[in-house]
Amino acid sequence: MNKFDRQSSSADIQALPDDIAEELSRLPSEVISVDDAPSIAPPVPLTSDEVRTIVVSLMLTMFLAALDQTIVATALPTIGRQFQDVSNLSWVITAYLLASTAVAPVFGTLSDIYGRKAMIITSLSLFVAGSILCAIAPNMPMLILARGLQGLGGGGIMPVVQTVISDVVSPRERGQYQAYFSSVWMVGGILGPVIGGVFAEHLHWSMIFWINLPLTAAALALLLPKMKKIPVFHRKRKVDWLGGVLLMASAVVFMLVLTWGGTRFPWLSPTVLAMVGGAVALIVTFVWHARRADEPFLPLPLLGGSVVPFGLAAGGCALGAITGLTVQLPLYYESVYHLSASEAGLALIPLAAISTCGAAIAGRTMARAKHYKRVAIVGTSWAALCGLGLTVTTLPLWALLTLMGAFALGLGTTFPVCVVSIQNSVQRPQVGTITGALNFFRSLMSSFTVAAFAAILLIALGADVPLAGEHHVAGGIPAIPTEDMRHAFRYVFGAATALMAGAALCLIMMEERPLAGPSTAQPVEMAE
């Protein structure tokens, strides 16, 4: 294999486009080869209008995935009454989460093999097919199976969208676009329960699935005409299907442990322990297979180095903290501050909205600053301090919401820095694989944190208390003294503080590699 070296290949590297040349010059000489070098961008670059169209279509595509994470929740009682089955209602959400988590690394890797266009069409097709089957489902088992199919498509949307953005926007500019997608995720998360409730109450619950059809058609109509102009970086190779199946199976079993542990089965029950053993056996088998395969599904060396493991850990800690708090805080607001269910939902908005502001600040900083990770180090450290304040003080509601907003502002700076740093650390033909792995590990960390926060509350309260919204189904919030609830949630805030301190430490340890692209980036405006 003909390899570049620093002296003999300088002319070859200079002959490439500026952004490709800069990326190659940053890689160690021993890992750059003619076969592995990124593909050259098409001769006609994308115009600002074309980039805007692609970004808007990707935002609409992302909105689909964000909306379906939450839109079903408020319609569940209506669905349960129609099918006369409330015992299996939780599976309507669980089936989607299991499927979407398991396939995230699959779609990321396949986009590096077969291309972004094929995978975005595949994921949206599965999503639409699942939506139609959900809408016409005649009973609860069919609805659960259809939600699983919908989750297969929804799980592919996030990594493929992030990978397409990496193809059309340089690393230095990319952080600014991550803020746009964070805002889309926030809007989808907020509007989902509202839209689901309106459809279930005033129209029919099936409308929460039918609405996906026109949204998907609009996204494809905007995106597909521009896909042929997007630079091509994928590389056809043999697919390691066995490795992919092992990885998905281990994820599903681990997610079931986190879903059932402490709720359906005690944590130390034979069922949960057997499932934990099964998950460990599957992941050990996956690692054994990946070490011996010529082209493994997820190359293990890709997860090593001085950037990827620390970026994965920091992003997972941040997403886990905000997800765990979002799930458990309504109970705190209702029990301690005596808010209604709708008021408790509104009280969550500062956590989601201000974290998006933090992501926007970090994205703009990345476009201009040489030492771009400092904003995330400062942000996560600030979030840890705010979390410590929540842990050790008793505050009125307005002060709590203010401090929670400050916590979210610092936390939000983590997301663009981690995503862009991880993508910037690998070669172009591996961006989809590492992006899928990033979403996979973040989903697992979110599920783990939700389960951990619930376990902390149950231990602190010393009772079998319905958590994570289950008290609404049970007929009201638990009759627990306010001071006991305050005391229990101090441990939850302490756990969130520890997660943010861990994120700050990981960011400090993560190598800060130069970002390719213009030193002062101007983002595409989303509106004239």
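Figure 1. S250 touches A279, L282 and I283, not counting residues up to four places away in sequence. The model shown here and in the other views is predicted. S250 belongs to helix α11. The relative accessible area of S250 is 6%, so this serine is buried.

**Figure 2. M255, also in helix α11.** Helix α11 covers residues 241–260, and M255 is part of this helix. The relative accessibility of M255 is 4%, and the residue therefore counts as buried. Beyond residues up to four places away in sequence, M255 touches L97, L98, T101, L444 and S447.

**Figure 3. D68 of helix α3 and the residues around it.** D68 is located in helix α3. With a relative accessibility of 0%, D68 counts as buried, because buried residues are those under 20%. When neighbours within four places in sequence are left aside, D68 contacts Y96, F127, R147, Q150, F209 and N212. The view also takes in I208, which is 140 residues from D68 along the chain; the C-alpha atoms of D68 and I208 are separated by 8.4 Å.

**Figure 4. The crossing of helices α3 and α8.** Two packed helices are described by the angle between their axes and the distance between the axes. Helix α3 spans residues 48–70 and helix α8 spans residues 171–202; their axes come within 8 Å and cross at roughly 35°. The crossing of α3 with α8 is right-handed. On the α3 side, the contact is made by V51, V55, L58, M59, M62, F63, A65, A66, L67, Q69 and T70. On the α8 side, these residues meet Y177, Y180, F181, V184, W185, V187, G188, G189, L191, G192, P193 and I195. Sorted by class, the contact of α3 with α8 holds 18 nonpolar and 5 polar residues, and no charged ones.

**Figure 5. The crossing of helices α13 and α19.** Helix α13 (residues 308–336) and helix α19 (residues 431–461) have axes that come within 7 Å and cross at roughly 40°. The two helices are therefore oblique to each other. An angle under 35 degrees would count as roughly parallel, and one from 65 to 115 degrees as roughly perpendicular. The crossing of α13 with α19 is right-handed. The contact of α13 with α19 has 16 nonpolar and 8 polar residues, together with 1 charged residue.

**Figure 6. The crossing of helices α15 and α17.** The axes of helix α15 (residues 349–368) and helix α17 (residues 397–412) come within 6 Å, with a crossing angle of roughly 35°. α15 passes α17 with right-handed geometry. The contacting residues in α15 are P350, L351, I354, S355, C357, G358, A359 and I361. Their counterparts in α17 are M404, G405, F407, A408, L409 and G412. The contact of α15 with α17 divides into 10 nonpolar and 4 polar residues, with no charged residues.

Figure 7. H338 sits in the loop between α13 and α14, the latter covering residues 341–347. Most residues other than glycine have a negative phi. H338 is not a glycine, but its phi is positive, at about 55°. H338 has 61% relative accessibility and counts as exposed, because the cut-off for exposed residues is over 50%. Apart from neighbours within four places in sequence, H338 is in contact with Y333 and T482. H338 and T482 are 144 residues apart in sequence, and their C-alpha atoms are 9.6 Å apart in space.

**Figure 8. The protein chain as a whole, for orientation.** The secondary structure of the chain consists of 21 helices and 0 strands. The chain has 528 residues, of which 53% count as buried. Among contacts between residues at least 6 apart in sequence, 84% join residues at least 24 apart. The chain exposes about 21,800 Å², and carbon and sulfur atoms supply 67% of that area.

How values were computed. Residues are numbered from 1 along each chain as its sequence is written. This is a predicted model: local features need pLDDT of at least 70, side-chain atom pairs count only at pLDDT 80 or more; totals for chains, interfaces and linings use all residues. Side-chain values use heavy atoms; hydrogens and water are left out. Axes are lines fitted to C-alpha atoms, for helices over the stretch in contact, and angles run from 0 to 180 degrees between N-to-C directions. Helices (H or I, at least four residues) and strands (E, at least two) are DSSP runs, numbered from the N terminus. Angles under 35 degrees count as roughly parallel, over 145 as roughly antiparallel, 65 to 115 as roughly perpendicular and the rest as oblique. A crossing is left-handed if the near helix is turned anticlockwise from the far one by less than a right angle, and right-handed if clockwise. Ala, Val, Leu, Ile, Met, Phe, Trp, Tyr, Cys and Pro count as nonpolar, Asp, Glu, Lys and Arg as charged, and the others, Gly among them, as polar. Buried means under 20% relative accessible area, exposed over 50%, partly exposed in between (1.4 Å probe, protein chains only). Contact means heavy atoms within 4.5 Å. Accessible areas come from the Shrake-Rupley method with a 1.4 Å probe; for residues, only the protein chains shown count as cover.
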